Amino acid sequence: MSGPGFPVVRPRRMRRTPALRRMLAEVRVRPEQLVLPMFVAEGIDAPRPIASMPGVVQHSRDSLRAAATEAAAAGIGGVMLFGLPDPEKKDATGSQAIDPAGILNVAITDVVGEVGEQLTVMSDLCLDEFTDHGHCGVLDPDGWVDNDRTLELYAEMSLAHAAAGVDLVGPSGMMDGQVAAVRRALDDHDHGGTGILAYSAKYASPAYGPFREAVNSSLQGDRRTYQQDPANRREGVREALLDVEEGADAVMVKPAMSYLDVVAAVRAAVSVPVATYHVSGEYAMVEAAAARGWVDRDAVMLEQLTACHRAGADVILTYWALDAAALLR
Ligand code: PBG
């Protein structure tokens, strides 16, 4: 085993037994780090499957409460809520997002009432589910998303979420100054305890495809004038730094798998917690391949979540949260 021509350094020694490998694992995803995104739709009385996201549903208010209880029992860290208004009620400014009786606002109250003690309850703070044109903000006469008018609406939306009892709002529209606008509104209205998980480096990604089905999106076209170009890592770091300066309590990189270099770079640049969002298309691709028997679903799931954590994510938003938590217990 030794002598001229044989390697002296033998890393394989440390991989020899399961006990060695377990002892030496550098990172291990914990269930508490996982956040389950959930959809709740107005006006339905039973959960509705989402074809491109097998295993994920649009919830009714009742089924959402039950699913939140299940999530708490699974020991995950939290939930991220998305609201789908009655399509008839979508309008140019997304007014249902602000109405205290709007679906997301009542769902936050429901979930906080049900599991607020056990789970961190988070809300997607964006107008795209609520506007009839499907953009994340309001449009000016030329069809350009009007940054500063949108900020006023985000500020109001954050107050509705805070009043409903949310722990963390997640501004996800990629408007300039959105974190500062939301922080100021919350502080001015006695919601200093409500935190901000900023979707800081959010890329214009084709991997959001299934999500658009999940939220009955009305979008025509794309979001490239506000979401980032996939080519840009430095810009992602800059966005995260700006959000921290504006008062973000945690920052997010989204999607996950195609942007792990951005996760690592953001992790190195900030001192607040870093989250990443394993998005609908990333989920759907694995589910589709697994359904054909082409990959081992559970193994790929754990590999991908471990990779997110290894890259530097403290928190991972994933549609697999419950299944992964069961495997990781
Ligand atoms: C915007 C938002 C989107 C997602 C989360 N928040 C969609 C978009 O930017 O088009 C995508 C999540 C996913 O694909 O799983 N409200």
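Predicted model: local features only at pLDDT ≥ 70, side-chain atom pairs only at ≥ 80, totals over all residues.
Colleague: How is empty space found?

Modeller: A probe the size of a water molecule is rolled over the atoms, and this shows where empty space is left. The search uses a 1 Å grid over the protein atoms alone. A cavity is a set of points where a 1.4 Å probe fits but cannot get out. A pocket is an open set with protein on both sides within 12 Å along at least five of seven lines. Lining residues have an atom within 4 Å of a point. Points are joined across faces, edges and corners, and a volume is the space filled by probe spheres set on the points.

Colleague: What volume does the largest pocket have, and which residues lie nearest its centre?

Modeller: The volume is about 330 Å³. The lining has 17 residues, with Leu 36, Gly 55, Val 56, Tyr 319 and Leu 322 nearest the centre. Strand S1 (34–41), strand S3 (57–59), helix H2 (61–73) and helix H11 (321–328) each give two or more residues to this lining. S1 gives the most, with four. Helices (H or I, at least four residues) and strands (E, at least two) are DSSP runs, numbered from the N terminus.

Colleague: How do the lining residues of the largest pocket divide by class?

Modeller: Twelve are nonpolar, two polar and three charged. Here Ala, Val, Leu, Ile, Met, Phe, Trp, Tyr, Cys and Pro count as nonpolar, Asp, Glu, Lys and Arg as charged, and the others, Gly among them, as polar.

Colleague: How many cavities of 30 Å³ or more are there?

Modeller: There is one. The largest cavity has a volume of about 90 Å³. It is lined by 14 residues, and Asp 128, Lys 202, Phe 211, Arg 223 and Lys 254 are nearest its centre. The lining has five nonpolar, two polar and seven charged residues.

Colleague: How do I describe two packed helices?

Modeller: Give the angle between their axes and the distance between the axes. Axes are lines fitted to C-alpha atoms, for helices over the stretch in contact, and angles run from 0 to 180 degrees between N-to-C directions. Angles under 35 degrees count as roughly parallel, over 145 as roughly antiparallel, 65 to 115 as roughly perpendicular and the rest as oblique.

Colleague: At what angle do H3 and H4 cross?

Modeller: Helix H3 (103–115) and helix H4 (147–164) cross at roughly 25°, and their axes come within 8 Å. H3 and H4 are therefore roughly parallel. In contact (heavy atoms within 4.5 Å), Leu 104, Asn 105, Ile 108, Thr 109 and Val 112 in H3 meet Met 157, Ala 160, His 161 and Ala 164 in H4. That contact has six nonpolar, three polar and no charged residues.

Colleague: How do H2 and H3 pack?

Modeller: The angle is about 40°, with the axes 9 Å apart. That makes H2 oblique to H3.

Colleague: What should I look for in the backbone?

Modeller: Most residues other than glycine have a negative phi, and most peptide bonds are trans. Met 174 has a positive phi, near 60°. Met 174 sits in the loop between strand S6 (168–171) and helix H5 (178–188). The peptide bond from Lys 254 to Pro 255 is cis, with omega near -10°. Pro 255 is in the loop between strand S8 (250–254) and helix H8 (260–269).

Terms used:
Residues numbered from 1 in each chain as written. Heavy atoms only, no water.
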